[in-house]
Structure formats: structure tokens, C-alpha cells
Amino acid sequence: MKKNLIISIFVFLMSICSVNALAATTSHETTQTEKAEYESRTLPELIKSFYHTTGLNAIINPKEGVKDSHGEDMTLFAQSFGRVLMIIICFVLFYLAIKKGFEPLLLIPIGFGGILANIPIANIAGDHGMLGIIYNMGIANEFFPLLIFMGVGAMTDFGPLLANPKTALLGGAAQFGIFGSLVGAVVLSQYVPGIEFSLQQAAAISIIGGADGPTSIFIASALAPELLGAIAVAAYSYMALVPVIQPPIMRALTTDAERKIKMRSMRKVSKLEKIVFPIVVLVLTLLILPDASPLIGALCFGNFAKESGVVERLSDTMQNALINIVTIFLGLGVGSKLAAEQFLVAETMGIMVIGLVAFAAGTAAGLIMAKIMNKVSSKDNQINPLIGAAGVSAVPMAARVVSKEGQKYDPSNVMLMHAMGPNVAGVIGSAVAAGVLLSIFK
């Protein structure tokens with residue numbers, strides 16, 4: 001018995017020694033092989049080897065078979081001139097933000113994200129890269145848009161809308177661009193070779209007409225996640241370029257006399273009205289259009305926290321720290337989709353064109369509705385048609401542009417608060433339009 005036990009232990013120990021010896025021999029042979037494979041190089045050879053790892057070489061000497069951040073083959077154009085072109089476009093965004101002051105909070109992170117996404121070899125926009133992680137953690141799952149709406153709600157004063165409720169019609173009229181672009185996307189896919197949009201994709205594209213970035217991301221994630229990047233880029237680009245796009249349309253559709261109209265002072269809105277309003281909006285959404293409740297719910301929560309007056313710390317966080325942090329991440333995430341291989345394609349170009357036409361159509365519809373309302377209003381309660389342009393939901397950019405444009409013709413005519421009425425109505429309007437599209441096409 002003891003003899004058998006001793007023999008078993010001896011065999012076991014010999015087995016361990018044999019395995020260790022074999023592992024050591026294999027490791028030694030591998031090391032010897034690695035050493036044998038290494039060849040000493042001269043300084044020129046080392047410099048040449050280093051050059052092959054540079055981004056400059058990747059741009060000058062594109063190769064077949066190179067993969068993008070999503071594992072798809074990149075064209076030679078996208079690897080070379082496409083990257084250079086997109087980096088130039090990003091520098092143009094910097095110029096507009098810094099020199100012209102066009103929404104730097106959006107354009108700076110979007111432009112910088114675009115440059116990072118076009119750096120060769122590093123794969124920063126890939127799933128495990130910085131931009132890819134940002135995109136997946138908050139844009140692809142619709143989380144960032146809801147946080148943005150929460151912050152917008154906390155910063156929004158619905159007083160101008162409550163003081164002059166009929167301006168809500170202007171916010172509704174400006175959503176014409178959304179449904180107009182839905183038709184445009186379908187037409188484009190029918191008659192332009194290389195562009196084929198399904199009804200769900202067309203619905204996701206159409207929301208760009210509301211000039212509402214968070215809403216665009218939210219509905220694209222639900223209806224057409226494959227187009228999310230292009231839709232997000234288009235929506236935020238046009239939001240930032242409101243000061244460029246809207247003024248020519250305002251001047252084309254209004255007269256000098258109309259632009260000089262001074263609207264009468266608004267009544268004072270009570271605190272109770274401001275507290276009750278977000279609750280009423282939320283209840284109506286719950287009963288009529290629950291598909292829009294994530295966006296409108298986040299908006300109403302932020303506004304209710306502000307107007308209640310008893311959670312100033314929470315309201316302050318939503319208005320400042322929270323929305324600033326999310327804006328950084330959102331801008332970088334949207335910028336990650338400015339990679340040449342994703343942006344310089346027929347479908348993306350089609351989306352950009354549809355978005356521009358839709359945004360212009362929404363602006364024009366708001367102006368025309370304001371002109372009609374002014375015609376039927378009494379002389380002591382006239383409406384300056386310019387405020388119709390603020391019906392798009394680019395808040396508060398559109399309202400600021402309207403006020404600035406009106407003061408060009410009469411410096412004493414301050415219309416900011418009057419324009420905020422249709423502007424905040426446009427925010428609700430675009431969320432409602434998104435809910436309608438979701439309820440129909442999801």
C-alpha cells in the first residue's frame with residue numbers, strides 16, 4: 001500500500017518536471033527563433049520603417065484592403081483626398097465658430113471630432129476608440145438627446161408662449177419642413193440613381209426639417225439606425241448655421257415695413273401658470289401621443305424643476321454642468337461621423353440636401369404663417385412676420401437671429417422675447433412630430 005503510494009507520488013513529480021522542462025525548452029526555442037528573425041537595420045532603414053507608420057504615408061500612398069472604423073473596405077479616395085477634404089471642412093467649422101461666432105458650443109466639438117475621425121491608422125472612431133465609445137454610450141442608445149432635452153427644459157422660459165398663446169401656431173407651421181422633407185426623401189429615392197430610402201429612413205431624415213438635433217438623433221435611432229450618423233451631422237450642422245441660412249429667407253419673404261413692426265408688450269405670466277404648464281403638456285402627451293413622451297417628458301421635467309423654485313441645485317446642474325458635459329460628448333460623437341468614408345457618399349449628400357431644403361421650407365412656412373396672422377390682426381396687436389422664422393426648434397439660436405435681424409431695420413425694436421414664444425413652441429412641435437412619425441412608421 002505504502003509502496004504503491006510512493007510510486008504514484010514519484011510518477012506525479014516526474015510528470016510535473018517533464019512538463020516544466022518541455023515548456024522551458026519551447027520558450028527557449030521561441031526566444032531563439034525571435035532573435036533569429038530580428039535583423040539589424042541601418043539608420044536610413046529605420047527612418048523608412050518609421051515613415052511607413054505615419055499618417056502622411058497613409059494619405060499619400062493609399063492601399064487596397066484598408067478597413068474603416070466599422071470594418072468596411074475604404075476606397076482609395078476616402079483614404080487620401082477624402083480625408084484631406086474632410087479636415088478642411090472641419091477647419092471651416094472652426095472658422096465659423098471662432099471668427100463668425102456661429103454656435104461655437106456645437107461647431108468646436110463637432111469639428112474637432114471630425115478631425116480625430118479622419119486621422120489614419122489610429123482608428124479613434126472605432127468601437128474601442130475614444131470617439132466610438134462616446135458615440136455608443138450616448139448617441140446610439142438615444143441617451144444624450146434626452147439629457148439635452150432635460151437641460152433645455154431647465155433653461156427654457158415658457159412665459160412668452162403663455163403670454164401670447166397664438167404664437168404656438170408659428171411653431172406648428174414651421175414643422176411643415178419635417179413633413180415636406182418626408183416627401184422629398186421619397187421622391188429623391190425614386191428618381192436619383194444610387195439613393196434608395198425606405199419609408200422609415202425617409203421619416204427619420206425628415207425630422208431634420210425641424211432643426212432639432214436631439215430629436216433627430218432620437219428618431220433616427222428608432223427608425224433608421226444605419227443613417228444615424230449622417231442625420232445627426234446634418235441636423236447639428238443646420239442648427240449651428242441658422243445665422244447663415246435664415247436671414248436671406250427672412251428678407252426674401254418680408255417687406256421693410258413688416259420688419260419694422262413693433263409688437264406690444266406682453267402680459268406678465270403668473271408663477272402658477274408656469275408651474276402648471278409642463279404638467280399639462282406631459283398629461284396631454286401621455287393621453288394622446290405616448291411615443292413622444294421620452295422627449296417631452298425630459299423637457300417637462302427640466303422645466304418643472306426650474307419653475308417649482310424648490311430644487312435650485314438640481315435646476316442649476318441641468319442648466320449648466322449637465323448640459324455642458326453632454327454637449328461636449330454629443331459634439332465629439334457627432335463629429336466622429338464626419339469620417340471621409342462615411343460622409344462623402346451619395347446617401348449622406350442626399351440627406352444633407354434634403355435637410356437644407358426642409359429647414360428652409362420650415363423657416364419659410366413660419367414666416368408665411370406670421371404674415372397671414374399679421375394681416376388678420378388688429379392694428380394695436382400687430383405681429384412682426386420675422387418671428388415666424390423662430391418657429392423652428394433651434395432654441396434659442398433662431399430667436400436670437402430674428403431679434404438681430406429686426407434690429408438692423410429698427411435698433412429700438414427688441415423682439416427676442418416675442419420670438420421666444422414660437423421658438424419654444426417649435427421645440428414641443430418637433431417632439432410631437434417625432435412622436436407622430438414613430439407611431440406611424442415604427
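These legends accompany several close-up views of a predicted model.

Local features are shown where pLDDT is at least 70, side-chain atom pairs count only at pLDDT 80 or more, and totals for chains, interfaces and linings use all residues. Residues are numbered from 1 along each chain as its sequence is written, and side-chain values use heavy atoms, with hydrogens and water left out.

**View 1. Confidence across the model.** The average pLDDT (the predictor's confidence in each residue, from 0 to 100) is 86 for the protein, and 91% of the residues score at least 70.

View 2. Four aromatic pairs turn up in a search of the whole structure; rings of Phe, Tyr and Trp (its six-membered ring) pair if their centres lie within 6.5 Å, and planes under 30 degrees apart count as stacked, over 60 as edge-to-face and the rest as tilted. The Phe91 and Phe94 rings are edge-to-face, with centres 5.9 Å apart and planes at 75°. Both residues belong to helix H4 (residues 76-98), three residues apart, about one turn of the helix; helices here are DSSP runs of H or I, at least four residues, numbered from the N terminus. Phe94 is buried at 14% relative accessible area, while Phe91 is partly exposed at 47%. Buried means under 20%, exposed over 50% and partly exposed in between, using a 1.4 Å probe and protein chains only. Ring pairs also link Phe91, Phe94 and Phe112 into a cluster.

**View 3. Phe144 and Phe329, a pair between two helices.** This pair is stacked, with ring centres 6.1 Å apart and planes at 15°. Phe144 lies in helix H7 (residues 143-155) and Phe329 in helix H18 (residues 312-335), so the pair ties together parts 185 residues apart in sequence. Phe144 is buried, with a relative accessible area of 5%, and Phe329 is partly exposed, at 29%.

**View 4. Charges over the rings of Tyr135 and Tyr409.** The charged end of Lys337 sits over the Tyr135 ring, 4.0 Å from its centre. Arg259 lies over the face of Tyr409, at 4.4 Å from the ring centre. For such a charge, NZ of Lys or CZ of Arg is within 6 Å of the ring centre and within 35 degrees of the ring normal.
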